[in-house]
Amino acid sequence: MIDVVLVDDQTLVRSGIRSLLDLTDDIRVVGEAGEAATALELIAQLRPDLILLDVRMPGRSGIELIGDLKRAELAFPVILLTTFDDDEALLDGMRAGAQGFLLKDVSMARLTRSIREVFGGKSVFRPGVTERAIKRLAALPAKFERYAAADDLTEREVEVLSFMAAGMNNREIGEALGMGEGTVKNHVSSILSKLGVRD
């Protein structure tokens, strides 16, 4: 059974999603919250397998709540839900560490499949939004300071590092840059070695 906490400021949306998930045999909503502070307490208490989290809420946003959860060492898998097809929110969500991003008009089949996939360790982002976001991300200049290391990063390693900093996994980086996952792993190993870090 996959235990889910649902966080959305709209009662009707929460009721609708709960009703849909009640129809499944392997997913159950174990708790609901309408705002970030209540959600933080609830998640600490229930320790769910996954969090369905609204991007825009009064007070602290869903993306800010992901940061709060990490600081409280409650970093459970998160699927962000939004009404708007918003590339900026997707990028912010990826950077924060969300494993999924879906529009609220998603079908029940897509929602349940996404929950199962994220619970299984995969990332789930709407294909159309992901393509646009990856293009925008690739066009962004690196915003980190250059390390005065003996071995400078190559241009390709800087590209890979930009995607790593955005929270993308090796497969997603490979797709974005048109290279195999093994090649990405080699670049990642080289980057970590040159920067003197473990992860």
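This is a predicted model: local features need pLDDT of at least 70, side-chain atom pairs count only at pLDDT 80 or more; totals for chains, interfaces and linings use all residues.

User: Which residue does the side chain of R14 meet in a salt bridge?

Analyst: The general idea is that side chains of opposite charge can pair when their charged atoms come close. We call it a salt bridge when a side-chain nitrogen of Lys or Arg is within 4 Å of a carboxyl oxygen of Asp or Glu. Here R14 pairs with E32, at 3.0 Å from N to O. R14 sits in helix 1 (residues 11-21) and E32 in strand 2 (residues 27-33), so the pair ties together parts that are 18 residues apart in sequence. Helices (H or I, at least four residues) and strands (E, at least two) are DSSP runs, numbered from the N terminus. As for E32, 28% relative accessibility makes it partly exposed.

User: How many salt bridges does a search of the whole structure find?

Analyst: Eleven. One of them joins R60 and D68 at 2.7 Å, N to O. R60 is partly exposed at 37%, whereas D68 is buried at 14%. Another salt bridge links E175 and R171 at 3.1 Å, N to O. Those two are four residues apart in helix 8 (residues 170-177), which means about one helical turn separates them. There's also a network of salt bridges linking D8, D54 and K104.

User: What about the nonpolar side chains? Which residues have the most contacts inside the largest nonpolar core?

Analyst: In soluble globular proteins, nonpolar side chains tend to be buried together. A nonpolar core is a set of buried Ala, Val, Leu, Ile, Met, Phe, Trp, Tyr and Cys residues joined through side-chain atoms within 4.5 Å. The largest one here has 39 residues, and V7, I43, I51, L53 and L80 have the most contacts inside it. Helix 9 (residues 181-195) gives the largest share of this core, five residues. Apart from that core lies another of 17 residues, with I2, V4, I27 and V29 among them.

User: Could we zoom in on L53? Which residues is L53 in contact with, leaving aside neighbours within four places in sequence?

Analyst: Contact means heavy atoms within 4.5 Å. By that rule L53 touches V7, G62, L65, I66, V78, I79, L80 and L81.

User: Last one: at what angle do the axes of helix 1 and helix 5 cross?

Analyst: Two packed helices are described by the angle between their axes and the distance between the axes. Axes are lines fitted to C-alpha atoms, for helices over the stretch in contact, and angles run from 0 to 180 degrees between N-to-C directions. In this model the axes of helix 1 and helix 5 cross at roughly 75° and come within 11 Å. That makes the pair roughly perpendicular, a label for angles of 65 to 115 degrees (under 35 is roughly parallel, over 145 roughly antiparallel, the rest oblique). The contact involves I17, L20 and L21 of helix 1 with M108, L111, T112 and I115 of helix 5. In helix 5, the buried residues include L111, T112 and I115.

How values were computed
Residues are numbered from 1 along each chain as its sequence is written. Side-chain values use heavy atoms; hydrogens and water are left out. Buried means under 20% relative accessible area, exposed over 50%, partly exposed in between (1.4 Å probe, protein chains only).
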